[in-house]
Amino acid sequence: MIEASIARRYARALIELAREEKTLEVCDAQLQEFQALTGENPMLLDTLTNRFFDIAARLRIVDTVAQKLNLAVPVKNFIKLLIKKGRIGCFKEIVSAYRREVYLLQNKGVATVVSAKGLLPAVYDEIGRILSRKTGALVVLEREVKPEVLGGVCVRMGGEVYDGTVKAALDSL
């Protein structure tokens, strides 16, 4: 819960900066790109979060990665700030909070679709259309694959949960 609060605070700060510079979408794309890189290379995030490494060395790593990814200066500086403040470990949560806040500014809803296996694009499209009709706003879907749900689909949007998974049905017995 504390991480979510911290993530929102940092996300809102970056949003304010991005709004001034009119780069909301650029920052979003670059944050996603850096997050994807840390997902593909977990040692990168481990190195950036490891306080046993000299902070100057960790900041140089960010400079090198930023140059290779062609990150905008505000995004690079934001990542460096997270390292200096010891918050880089919350990067995934911060990126998620950033996206949600941007979607709110754009009058978009966000729903998380959880399934045991990836669904066909047509199924995701249909879920998105149904939710858009229900809310009256464009709904962006975040996809999660969790084999432990066994089958079916769970959709979370705002405070509402529509759980049609096999796991939920078995749990209710």
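1. Helices (H or I, at least four residues) and strands (E, at least two) are DSSP runs, numbered from the N terminus.

2. A word on the basis: this is a predicted model, in which local features need pLDDT of at least 70 and side-chain atom pairs count only at pLDDT 80 or more, while totals for chains, interfaces and linings use all residues. Residues are numbered from 1 along each chain as its sequence is written, and side-chain values use heavy atoms, leaving out hydrogens and water.

3. The geometry of H6 checks out: its 15 residues should span 21 Å at 1.5 Å a residue, and the end C-alpha atoms are 21 Å apart, which agrees. The expected span here is 1.5 Å times one less than the number of residues. Just after H6, Asn 107 has a positive phi of about 60 degrees.

4. Phe 91 also belongs to the largest nonpolar core, which has 33 residues; Leu 31, Phe 34, Ile 79, Phe 91 and Tyr 98 touch the most other members. Such a core is a set of buried Ala, Val, Leu, Ile, Met, Phe, Trp, Tyr and Cys residues joined through side-chain atoms within 4.5 Å. H1 supplies the largest share, seven residues. Leaving aside residues up to four places away in sequence, Phe 91 touches Leu 31, Phe 34, Gln 35, Ile 79 and Leu 82. A second, separate core of nine residues includes Val 113, Ile 127, Val 155 and Met 157.

5. Now the sheet, which is open, with four strands in the order S2-S1-S3-S4 and mixed pairing. Two strands pair if DSSP finds at least two bridges between them. The edge strands, each pairing on one side only, are S2 and S4 (160–163). S1 and S2 pair in the parallel sense over eight bridges, with Val 140 in S2 as the partner of Val 110. S1 and S3 (residues 153–157) run antiparallel and are joined by five bridges; Ala 111 has Met 157 in S3 as its bridge partner.

Definitions and conventions:
Buried < 20%, exposed > 50% of the residue type's maximum accessible area, 1.4 Å probe, protein only. Contact = heavy atoms within 4.5 Å.
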